[in-house]
Amino acid sequence: MISFDEAFRIVLENTGQTAAEDIALGDCLGRVLAADVASDMDMPPHDLSAMDGFACRQADLDAGLTEIETIPAGYMPQKAVAGGRCSRIMTGAVVPKGADIVVMFEHTEARDGLVYVVKKSGRTNIRRKAEDARAGDMVLAAGTVLRPVEIAVLASVGCDPATVYAMPRVGVVATGDELIEPRQKPTAAKIRNSNSYQLCAQIQRAGCIPKYFGIAKDTPEAIDVILAAAIEQCDVVIFSGGVSVGDYDFVPQILSDNGIDIKFAKVKIKPGRPTVFGTKGNKYFFGLPGNPVSTFVLFEVLVRPFLVKLMGADYRPARIRGRLAKDVIKRKADRSEFRPVKLEADGAVNFFAYHGSAHIHAYTHANGIVQIPAGVGKLNAGSDVEVTLI
Ligand code: AMP
Ligand code: MG
């Protein structure tokens, strides 16, 4: 059995990248740039006013100024500003020749048809040509995840459409004769399939396209048929359940029978020991244990980093350091363990008592996961822990 770190390394080492595609900027949120982007112009393109005010010369601030024109944003100035003159100028308008300062309206007074400066702020209120970027400067690097601010930068340099990596299509297959769908009322011995809906939501949140393939019965034939459909339509297939050592756990065997190279089938972690990862060309396969908490946690700590890499980015989860509120005891220290926690506003980290990996309800109160490494049996109150936000 391999360690979690080893499993993580094996997964990322075997992860390729989806193809690049051109996507309209309006649909690029959360996508990953597949090429560097350079500015196609100086930004700003001219000296621009940062205020509504009067453009004039710093040398002239002590005497009354004669107004010579009004410069709205979006129009070139028609007149140069010479000694004793000023132009009314709006925010974002081009600063006229001769002017080296914009005095905001609030710092001026009109008297006898002239403009007087009544307060000197020491600021020029001019955004200099090319102070943000020069034409040809790289403004965003390949591999950047596009958040709203990056979308703004792409728009400002005319990068529409943008070249980004394709969103992985991720198939989800539930296994288990006990499963029925959420809208059905369970009869004897049945439970509702929650994992598939959880996984589809996690996949969507990771910026990928989920595709649900239904519930496979616990027979080799049923798993084989669904696998065939999922391989054809998806880049990644995630099974939940059927990966352990029970009499009806056929997933690893069927993956092997289909020529999928199983890289590992057991990991020293809690929850989720029987976790499977395999590849076949540029297709990827995960088998996650069926308990809802195991499925949830394994997706967050192993599948999500994989998907981020598949989309061409580095995995940088939101992690915050906090202080343990109470001692935490781990009954067995041999496995790396992931536990649900609540990180409070003051930085205190509270662990939840939860009764095992079927108890997904406990996770509704958690806002993070803490990993207790293998070999560590106790964490002391007051010590620093790293919380991965979920
Ligand atoms: P398995 O990994 O197939 O041995 O399943 C472990 C536990 O998780 C069993 O109690 C299953 O009933 C439960 N389980 C498996 N698949 C699901 C699912 N899709 N939704 C909810 N619970 C599940
Ligand atoms: Mg099962």
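This is a predicted model: local features need pLDDT of at least 70, side-chain atom pairs count only at pLDDT 80 or more; totals for chains, interfaces and linings use all residues.
**Exercise 1. The partners of β4**

Task: Find how many bridges join β4 to β7 and how many pair β4 with β6, then name a residue pair for each.

Solution. 
Step 1. Strands of a sheet pair through backbone hydrogen bonds, either parallel or antiparallel.
Step 2. β4 (residues 53–56) and β6 (residues 85–89) pair over 3 bridges, in the antiparallel sense. F54 has R88 in β6 as its bridge partner.
Step 3. β4 and β7 (residues 101–104) also run antiparallel, joined by 4 bridges. Here A55 stands opposite V102 of β7.

**Exercise 2. A six-stranded sheet**

Task: In what order do the 6 strands of the open sheet run, and which are the edge strands?

Solution. 
Step 1. The order is β16-β13-β17-β21-β20-β18, with mixed pairing.
Step 2. β16 (209–216) and β18 (261–264) are the edge strands, since each pairs on one side only.
Step 3. On average, neighbouring strands of this sheet are turned by 20° against each other, direction ignored.
Step 4. Zoom in on one pair. β20 (residues 276–280) and β21 (residues 283–288) are antiparallel, with 5 bridges between them. One residue pair is G278 with F285, the latter in β21.

**Exercise 3. Helices on the sheet**

Task: Which strands does α3 touch, and which of its residues are buried?

Solution. 
Step 1. α3 (residues 195–205) packs on the sheet and touches β13 (169–175), β16, β17 (236–240) and β21. Its direction makes about 165° with that of β16.
Step 2. The buried residues of α3 are N195, S196, Q198, L199, C200, Q202 and I203.
Step 3. Read the spacing with the helix in mind. An α-helix has 3.6 residues a turn, so residues three or four places apart point the same way.
Step 4. The cover over the buried residues of α3 includes β13, β16, β17, β21 and α6.
Step 5. Look just past the helix end. G207 takes a positive phi of about 90° there.
Step 6. Now turn to α4 (residues 220–233). α4 lies across β13, β16, β17 and β21, and runs at about 165° to β16.

**Exercise 4. Backbone exceptions**

Task: Locate the cis peptide bonds M43 to P44 and K270 to P271, then examine the phi of D112 and A189.

Solution. 
Step 1. State the expectation. Most residues other than glycine have a negative phi, and most peptide bonds are trans.
Step 2. The M43 to P44 bond is cis, with omega near -10°. P44 belongs to the loop between β2 (37–38) and β3 (48–49).
Step 3. The K270 to P271 bond is cis as well, with omega near -5°. P271 falls in the loop between β19 (269–270) and β20.
Step 4. D112 is not a glycine, yet has a positive phi of about 50°. D112 lies between β8 (108–111) and β9 (114–117), in a loop. Its relative accessible area is 73%, so D112 is exposed.
Step 5. A189, also not a glycine, has a positive phi of about 70°. A189 is in the loop between β14 (179–180) and β15 (191–192). At 72% relative accessibility, A189 is exposed.

**Exercise 5. The second largest pocket**

Task: How much space lies in the second largest pocket, and which elements give two or more residues to its lining?

Solution. 
Step 1. The volume is about 930 Å³.
Step 2. The lining has 38 residues, and R304, Y315, R316, P317 and A318 are the closest to the pocket centre.
Step 3. α1 (4–13), α6 (292–310), β26 (368–372) and β28 (384–389) each give two or more residues. β28 gives the largest share, 5 residues.
Step 4. Sort the lining by class: 23 nonpolar, 6 polar and 9 charged residues.

Definitions and conventions. Residues are numbered from 1 along each chain as its sequence is written. Chains are lettered from A and ligands numbered from 1 in the order in which they are written. Side-chain values use heavy atoms; hydrogens and water are left out. On a 1 Å grid over the protein atoms alone, a cavity is a set of points where a 1.4 Å probe fits but cannot get out, and a pocket is an open set with protein on both sides within 12 Å along at least five of seven lines; lining residues have an atom within 4 Å of a point. Grid points are joined across faces, edges and corners, and a volume is the space filled by probe spheres set on the points. Ala, Val, Leu, Ile, Met, Phe, Trp, Tyr, Cys and Pro count as nonpolar, Asp, Glu, Lys and Arg as charged, and the others, Gly among them, as polar. Two strands pair if DSSP finds at least two bridges between them. Axes are lines fitted to C-alpha atoms, for helices over the stretch in contact, and angles run from 0 to 180 degrees between N-to-C directions. Contact means heavy atoms within 4.5 Å. Buried means under 20% relative accessible area, exposed over 50%, partly exposed in between (1.4 Å probe, protein chains only).
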